[in-house]
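Dear colleague,

Please find below the structure that I am handing over to you.

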Amino acid sequence: MKQVSLSKLLTKQILFAMLAGLLISLPLTFIPAYFIAQSSIEQKLQHLQTKSYEEVNRHLATGWQPTNIDKIISHLSDEIPNATFYLQKYSLFLDQGETPKPIDSLEIKRLITEVNHSKEAVIETDLLNTTLYAAYPIKFKDSCLPCHAQEIKDGVIYPGLQAGTIAFQAPFSLSMIETMSQVLFFSIFIVTFILTALYLTNRFIRQKLLIPLQSLSKRIMSLKLDAHTQEVDWQRTPQTVLEIDQIDDKITHHIRFIQGIYSKLDALIVTEHETGLFHRERFNEVMKYELMRSKRYQHPFAVVIIKLVDAIPVDREAFKQLPEKEQATLKVHTFSQLLMSDIRATDLIFRITEDLFVMIAPETGTEGVEVIQTHLAKTLKTTTTHDLKDSACTFEFEFKMGHACYDEDGLNAKQLMHEAAVRMKASQF
């Protein structure tokens, strides 16, 4: 697994969020902005047409003189700064031998030709060159007719007939779009950009930081280091974020260190932390001591082997909801407490395996150990509720039990334990 530091991940995420924000915000903003800009340009063109008719009525009453045309173009240029205007007479009204004024721009020539053919205004936007091209016809209106009485009488001129064409090219600028529209689209762009970046960054922080940290926290909370014999369910889990991986590594190191301390304590302490019973490591020492003492003073002693066959919870559904390790802990704790709850102060109980227990009863003969065994059986058959931190459960135990006495059943520890084991297997409780 490739690990990356948090600073690098955050840098990449911020750059990615900004790029994604731009890619999403631009189309959401500029696609509608394009159509609104077109609408604004059309309104601007309509205004120019109205202004053009005013200028034509004012300056062309004395004919298509260069000075008159220059005045019209000068006044129209005030409406759109940096624009280049062209006013061309319609070919039908050109005098004999008169040629249209030459136009250098091929785009303007094409637009004028298109307007002359369609009799409608034409608008084109060159986004690559950020240039706006437009052309619209100048037509005879009723207000123009008194100046052309003879032409009207001859049917040469009539209302709606095209008299000429005005065309212009201008650099496309934001001044052509209303201020409110600019503010609206800028706000939409900023809001979309910020929301996209926030969503992606929040998603990144949750997936890369919060979820791994929550998982690490749950694993820490599930740890139980109060019992040194319990296996610690902790697996080293590599993390993508280097800093979180270092935390996991340090926790793993400390847990292994604590487990090492527990292992060393096992050699020093006498009883288990988990059950309070004596360690199985001490059993051989005590057995050897009791054999020597009984042989020396001719006093009997007995051993009782108890095997936990099963611990049946009364409320099975509640018990199943507990973690597996806690289920096993509850069974052992409850059974161990019962064994220790009503024994003599001189008796010693050892936990040999997970479900096998041995009690050494000094100064106890056959009759005495049978009494002890009967008493233990009665105690263990009692339905018992045990509390373990936040968990509680009631059990009914199934078990087997057998005993043996040194003065009657054997001369060494092996024979003594064998006899007790045989009786345990044959026992019924």
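Helices (H or I, at least four residues) and strands (E, at least two) are DSSP runs numbered from the N terminus, and the expected span of a helix is 1.5 Å times one less than its number of residues. This is a predicted model, in which local features need pLDDT of at least 70 and side-chain atom pairs count only at pLDDT 80 or more, while totals for chains, interfaces and linings use all residues. Residues are numbered from 1 along each chain as its sequence is written, and side-chain values use heavy atoms, leaving out hydrogens and water.

Helix 12 covers residues 413–426; its 14 residues reach 20 Å from first C-alpha to last, close to the 20 Å expected. Within helix 12, Leu416, Met417, Ala420 and Met424 are buried (under 20% relative accessible area, 1.4 Å probe, protein chains only). Seen down the axis, the buried residues of helix 12 fall within an arc of 90° (taken from the directions from the helix axis to the C-beta atoms), so they line one face of the helix. On the other side, Lys414, His418, Lys425 and Ala426 are exposed (over 50%).

Yours sincerely
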